[in-house]
Amino acid sequence: MSLLGWVTGAKPKTQPVKKTSEEIRETQKVYETKRQRKFQTAWQETFSWLVYDDEKNTVFCKVCRELETAGTFCTGNSNFKIDTIRIHDTADAHKFNVAKFNAKFMPVAQAIAAKSLVLLDKSRVGKLCTLFRTAHGMAKSGRPYTDFVWLCSLNEANGLDIGKTYRNDKAA
Ligand SMILES: [Zn+2]
């Protein structure tokens, strides 16, 4: 007599499994081939770059098509899967094209404003670098925080533009 009969839910190892993984895969394959995938207009709300070509029954990326000629989202993709669209949306090549596309079609005034913002940022980064070098130098030589203010003034006196912000002796 087997001990298994005494344990609730215990089954002998030899009992066949209901469906093998191979069978499950086969069922999924049949489902995938029979399933009619269609373009869903709701996708365009999420992915503004997505365009549906109803003549060819394909989708393409209006951004990438503008800048490239190769790739399934340039020539037209008939694989109506949300995952495929999502993959394209997060692809580096697509993101790069979006940046290029925006720069190319951005109104001139907006482009100038964007450029000035970049320049402004560069000068701020430069000031912060000086402040960090000062703080790092102080920490390395074991100087107290109170030295920071007069070191900043010294840097300024020596001709460095370090700005007015972050110039106090309070620890971050
Ligand atoms: Zn694209």
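Among the contacts in the chain between residues at least 6 apart in sequence, 36% join residues at least 24 apart, where two residues are in contact if their C-beta atoms, placed from the backbone, lie within 7 Å. The model is a predicted one, in which local features need pLDDT of at least 70 and side-chain atom pairs count only at pLDDT 80 or more, whereas totals for chains, interfaces and linings use all residues. Residues are numbered from 1 along each chain as its sequence is written.

**Elements and burial**

The chain holds eight helices and two strands, and from the N terminus on these elements follow the order α-α-β-β-α-α-α-α-α-α. Helices (H or I, at least four residues) and strands (E, at least two) are DSSP runs, numbered from the N terminus. Of the 172 residues of the chain, 9% count as buried; a residue is buried if 20 or more other C-beta atoms lie within 10 Å of its own, exposed if 12 or fewer, and partly exposed in between, with the C-beta atoms placed from the backbone.

**The strand pair**

Strand β1 (residues 50-53) and strand β2 (residues 58-61) run antiparallel and are joined by four bridges, two strands being paired if DSSP finds at least two bridges between them. Within this pair, L50 stands opposite C61 in β2, while the bridge partner of D53 in β2 is T58. The hairpin of β1 and β2 has four residues between the strands, and N57 is found in that loop. Although N57 is not a glycine, it has a positive phi of about 55°. N57 counts as exposed because 12 other C-beta atoms lie within 10 Å of its own.

D53, which is found in strand β1, is partly exposed because it has 13 other C-beta atoms within 10 Å. Leaving aside residues up to four places away in sequence, D53 touches T58, F60 and G76.

**The nonpolar core**

A nonpolar core is a set of buried Ala, Val, Leu, Ile, Met, Phe, Trp, Tyr and Cys residues joined through C-beta atoms within 7 Å. The largest such core has nine residues in all, namely W49, L50, V59, F60, C61, V63, C64, F73 and I85. The elements that give two or more residues to this core are β2 and α3 (62-67), and the largest share, three residues, comes from β2. In soluble globular proteins, nonpolar side chains tend to be buried together. One of the core residues, C64, touches G71, F73, C74, H94 and N97, not counting residues up to four places away in sequence.

**Residues brought together from separate parts of the chain**

| Pair | Separation in sequence | C-alpha to C-alpha distance |
|---|---|---|
| Q40 and F80 | 40 residues | 8.4 Å |
| N102 and V63 | 39 residues | 9.1 Å |
| D53 and S78 | 25 residues | 9.8 Å |
| A114 and A103 | eleven residues | 9.7 Å |

Q40 is found in the loop between α1 (21-34) and α2 (43-46), and Q40 counts as exposed because it has 12 C-beta neighbours inside 10 Å.
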